[in-house]
Structure formats: C-alpha cells, structure tokens
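Please read them with the coordinates open.

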Amino acid sequence: MKASDRCVYECKARGIFRKLGITPMIGDFVEVEVKNGKGNITAIQPRKTSLIRPAAANVDMLVLVAASKEPEPNFLLLDKMLVHAEMNGIEPVICINKTDIDDGKKIYDAYKCTGYEIVKVSALRNEGTAELEEVICGRTAAFAGLSGVGKSSLLSRITGNNLQTGAVSDKIHRGRHTTRHVELMELEGGGYVMDTPGFSSMELTGVRAEELWRYFPEMAKRAGECRFRGCVHINEPDCAVKAAAEAGEISTSRYQSYRDLYDTLKDIKEWKN
Ligand SMILES: Nc1nc2c(ncn2[C@@H]2O[C@H](COP(=O)(O)OP(=O)(O)O)[C@@H](O)[C@H]2O)c(=O)[nH]1
Ligand SMILES: [Mg+2]
Ligand SMILES: [Zn+2]
C-alpha cells in the first residue's frame, strides 16, 4: 500500500500516556480510534528501536550527514552519534555532502577504518543521490547532522518533495529556515526517510566508560588480541587497539574521540558516586 492510498488522521494521544510517562514518537506504530474524522491514539506498539537524538521510534538506519566544508565537520559529535546508533542496534551510514566544494577526503579517511558504509554526494549537483537512495531502500532512515550540512537539500532530491532549506549563515544568526517538525516521507523504491532538526551537541549516556570500546567496531574487532582482559585500550601494555591506532589502521580522529569520550564517561561516574 502506498502512502497516498492511506488515510491520514489528525490524532490526539490519550491522557493515559502522560500518566504512564510515555510520549508518542515519530515512527511509532499505534492503534487509533476514529470518531467524527478525528483520531485518538489508544495504544502504542512496542518499539523496535528508539533513538533519543533525533527522537524517533522504529528507525533502522541513521544517515549521518556531514559537509566536506561549510560547516566544518564535528568529528566528536559524529562519533557520539555513531555510538548512540550502535547502542540502539541501528545501522549507521556516513554521508559526505557538498563534494562540489571539497572532495571530503578528510572525513572519508577518518571513517574508512570503521567499516561503515560511506556515501559521497552533492545535493547541489544531484550527484551520488541515487546511490544514497539505494543504500536506504526498504529501510526507515533518519537523517541527522549539524545544521547547514544539507539534510533537507538531500531529502528534497531523493523524495522529490520541496523541503525548506537555508543558508548556513542565516541559521546561525537568525535561526531561520530550520526544520521545525519531523515527518516520515515515503521513498518511491520503498522505505521511509525523515528530516530532523540539526543540533550541535549531545551528551552520551547509558554506557560505562569501560564498555565504550564495544561501540567502536574497529576497536571491538581487535580487542580480543589485547594482552589483558578488561583492557580499555588506553595505557595497557600489549594493547592491540593502541597498536592499530599507532600503525594508522585506526584513524587518529576516531581514537582521539574514543579517549575524550572515555574521560568524560569516567568523570560522570566518579561525580555520581
Ligand atoms: N555547495 C553546496 N551547497 C549545498 C549542498 N547541499 C546543500 N547546500 C546548501 O547548504 C545550505 C544548508 O542546506 P540545508 O539542506 O538547509 O541543510 P540542513 O540544515 O542540514 O537541512 C543551503 O544553503 C543549501 O543550498 C551541496 O551539495 N553543495
Ligand atoms: Mg533542514
Ligand atoms: Zn587493548
């Protein structure tokens, strides 16, 4: 069934959800009671996945959009988002946009060691967008990334909808043209995509510092070769992860993010105890 064949009802959520502390999220499968053309959400199905940043349910792919330039990539934020996706069992894809102004090699080199799919695109020139659509095909994908990287421009290309876009400087100075609401859009070849508001910071929670390496796939696959069990891959001798970082098999940027995040998580724990 296509979205155009479906009925659309404006719904209210019953007060019971508020009492239970449950908020309906974008992407939820719900049961609806219709009266006089208006819907009432009576039940929310268990969620397959639930992302906090961006807030969305049942997403199975996170397309992390970074611009090769304007704005400069924020590697630490990208790495936090990748850990967040890993923790939630959501497949991440790295999408390098604006390849018309810079080839994006810096981002590519930072992530080629991860094994994640990397797609280079230019929304402006409509290059690589068909490949991006193919990668998403059949899935429910949320687009996330800094404001101004081109999420709405890319989604306009692949959905054929005309989404609101805005110049980077406009957003920074006046907060105009930003995506204020999130909506699922159906792809012609199957699958759904959603645009999300850009954000520039996030706090990583729900993971212990000692477990953090598990969410860096290029570290996790080498951890079994470390001398010590419980190695956190920072100062231990005969650490296979550190050796791989020194040999350039794990990028400097990824290893640095790991160390920064490890320190932050360690501090949170000590502060809470
Ligand atoms: N040069 C270039 N500019 C782009 C590209 N994609 C988007 N832009 C521009 O970047 C700005 C922000 O785009 P937008 O889609 O609103 O970004 P969003 O905040 O991530 O949704 C707009 O001025 C776009 O025209 C691209 O591939 N190349
Ligand atoms: Mg946008
Ligand atoms: Zn180690």
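1. Pro46 is exposed, because its relative accessibility is 72% and the cut-off for exposed is over 50%. The model is a predicted one, and this applies to every point below. Pro46 sits in the loop that joins strand S3 (38-44) to strand S4 (50-51). Its C-alpha atom is 9.2 Å from that of Asn58, a residue twelve places away along the chain.

2. Asn58 belongs to the loop between strand S5 (56-57) and S6. Is Asn58 buried or exposed? With a relative accessibility of 7%, Asn58 counts as buried, since the limit for buried is under 20%. The backbone deserves a look as well: phi of Asn58 is near 60 degrees, which is a positive value in a residue that is not glycine.

3. Leaving aside neighbours within four places in sequence, Gly27 touches Ala57, Asn58 and Leu184. Gly27 itself lies in the loop between helix H1 (15-20) and strand S2 (30-35). Gly27 is buried, its relative accessible area being 16%. The C-alpha atoms of Gly27 and Val182 are 9.8 Å apart, although 155 residues separate the two along the chain.

4. Which form does the peptide bond from Glu70 to Pro71 take, and what is its omega? The bond is cis, with omega near 0 degrees. Glu70 is also placed in the loop between S6 and H2. Phi of Glu70 is near 50 degrees, again a positive value for a residue other than glycine.

5. Helix H2 runs over residues 75-87 and has 13 residues. From first C-alpha to last it reaches 18 Å, close to the 18 Å expected at 1.5 Å a residue. How many of the 13 residues of H2 are buried? Ten are, which leaves the helix mostly covered. The buried set includes Phe75, Leu77, Leu78, Met81, Leu82 and Val83, and Asp79, Lys80 and His84 are also among the buried residues of H2.

6. Helix H4 (residues 129-136) packs against helix H5 (residues 151-159) at an angle of about 80 degrees, with 10 Å between the axes. H4 is therefore roughly perpendicular to H5. On the H4 side the contact is made by Thr129, Glu133 and Ile136, and on the H5 side by Leu154, Arg157 and Ile158. By class, the residues of this contact are three nonpolar, one polar and two charged.

7. Glu218 is part of helix H7 (residues 217-220). Its relative accessibility is 1%, so Glu218 counts as buried. Which residues is Glu218 in contact with, leaving aside its neighbours within four places in sequence? They are Cys113, Thr114, Ile250 and Arg254.

8. A last point concerns the domains. The domain assignment of the protein chain gives domain 1 (3-44), domain 2 (50-194) and domain 3 (209-272). Between the C-alpha centres of domain 1 and domain 3 the distance is 43 Å.

Key:
Residues numbered from 1 in each chain as written. Chains lettered and ligands numbered in written order. Predicted model: local features only at pLDDT ≥ 70, side-chain atom pairs only at ≥ 80, totals over all residues. Heavy atoms only, no water. Axes fitted to C-alpha atoms, helices over the stretch in contact; angles between N-to-C directions. Helix = DSSP H or I, 4+ residues; strand = E, 2+ residues; numbered from the N terminus. Parallel < 35°, antiparallel > 145°, perpendicular 65-115°, else oblique. Contact = heavy atoms within 4.5 Å. Nonpolar A, V, L, I, M, F, W, Y, C, P; charged D, E, K, R; others polar. Domains from an automatic or database assignment. Expected span 1.5 Å × (residues − 1). Buried < 20%, exposed > 50% of the residue type's maximum accessible area, 1.4 Å probe, protein only.
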